[in-house]
Amino acid sequence: MVLKLLSSCLFICLIYVPLAVARIRYHKWEVKYELKSPDCYKKLVITINGGSPGPPSLPNKAGTNVYHAHYGMQIGARLYGSIRVSLPDGVSEPFAYGYDRSIILTDWYHKSISEQAVGLSSIPFVWVGEPQSLLIQGKGKFDCTSVSSPAGVCNASNPECSPYSITVIPGKTYRLRVASLTGCHPLVFK
Ligand SMILES: *[C@@H]1O[C@H](CO)[C@@H](O)[C@H](O)[C@H]1NC(C)=O
């Protein structure tokens, strides 16, 4: 019986593998909690390979997508990044560009995700309110003078909250892949 099951499994595998057109790509991700100051206010965030957003991932159906965690409220702790899907070999884009860059817009709360989750599941329900910052590719600017926090927690000169910038070469064409992961507000990118 076991042998029969094994052979039917093998059969299914043999049938399905040749039909699969997607290429398999492997990425090594080190996902951990780290203290970071994305908008100058220091808090615990989830990083992928030390960064947030995580590295772009490159699967196989053309276009731009985003990935984000759905375990509990991890999106609030920034486990997210973009997915760039390349065209199959031999197919070209309808437009030509030299480089591409991903920009993800997110909202950013200073309360921890567990504090937010406790509020949302309380009776009476406690709404998370407005985000403290909006982040452009993981960088924002919170006004540290608007809160009294322990020394060093909010530091406007922390290099981690310097604005996100893209260095461009004059005369080259850049494709910008802009995605928004804000929870409550639509954003306009100009
Ligand atoms: C704020 O950040 C700057 C730059 O990293 C650093 O030199 C300074 O000591 C920090 N201030 C506090 C209060 O931590």
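Strand β1 (residues 31-36) pairs with β2 in the antiparallel sense over 6 bridges. I count strands (E, at least two residues) and helices (H or I, at least four) as DSSP runs, numbered from the N terminus. Two strands pair if DSSP finds at least two bridges between them.

Two notes on the source belong here. The model is predicted: local features need pLDDT of at least 70 and side-chain atom pairs count only at pLDDT 80 or more, while totals for chains, interfaces and linings use all residues. Residues are numbered from 1 along each chain as its sequence is written.

**The β1-β2 hairpin**

I went on to the turn. The hairpin of β1 and β2 has 6 residues between the strands. Cys40 is found in this loop between β1 and β2. Its phi is positive, about 85°, although Cys40 is not a glycine. Is Cys40 buried or exposed? Cys40 counts as buried because it has 21 C-beta neighbours inside 10 Å. The cut-offs I used are 20 or more other C-beta atoms within 10 Å for buried, 12 or fewer for exposed, and partly exposed in between, with C-beta atoms placed from the backbone.

**The core**

I then looked up the largest nonpolar core. It has 6 residues in all: Val45, Ile46, Ile48, Leu79, Tyr80 and Ile104. Such a core is a set of buried Ala, Val, Leu, Ile, Met, Phe, Trp, Tyr and Cys residues joined through C-beta atoms within 7 Å. Strand β2 (residues 43-48) gives the largest share of this core, 3 residues.

**The sheet of 3 strands**

I traced an open sheet of 3 strands, in the order β6-β5-β7 and with mixed pairing. Its edge strands are β6 (133-136) and β7 (174-180), each of which pairs on one side only. The twist from one strand to the next averages 15°; for such angles, axes are lines fitted to C-alpha atoms (for helices over the stretch in contact), and angles run from 0 to 180 degrees between N-to-C directions.

Strand β5 (residues 99-108) and β6 run antiparallel, joined by 4 bridges. Here Thr106 stands opposite Leu135 in β6.

I also checked Asp100, which is in strand β5. What does Asp100 contact, leaving aside its neighbours within four places in sequence? I found Tyr174, Arg175 and Arg177; contact here asks for C-beta atoms, placed from the backbone, within 7 Å. Asp100 and Tyr174 are 74 residues apart in sequence, yet 5.3 Å apart in space, C-alpha to C-alpha. Asp100 counts as partly exposed because it has 14 C-beta neighbours inside 10 Å.

**Loops on either side of β6**

Pro124 lies in the loop between α2 (113-120) and β6. I noted a cis peptide bond joining Ile123 and Pro124, with omega about -5°.

Gln137 lies in the loop between β6 and β7. Its phi is near 50°, a positive value in a residue other than glycine. Gln137 counts as buried because it has 20 C-beta neighbours inside 10 Å.

**The ligand**

Last, I listed the residues around the ligand: Ala151, Gly152, Asn155, Ser157, Asn158 and Pro159. The test is a C-beta atom, placed from the backbone, within 6 Å of the molecule. This shell divides into 2 nonpolar, 4 polar and no charged residues. Ala, Val, Leu, Ile, Met, Phe, Trp, Tyr, Cys and Pro count as nonpolar, Asp, Glu, Lys and Arg as charged, and the others, Gly among them, as polar.

How values were computed: Contact = placed C-beta atoms within 7 Å.
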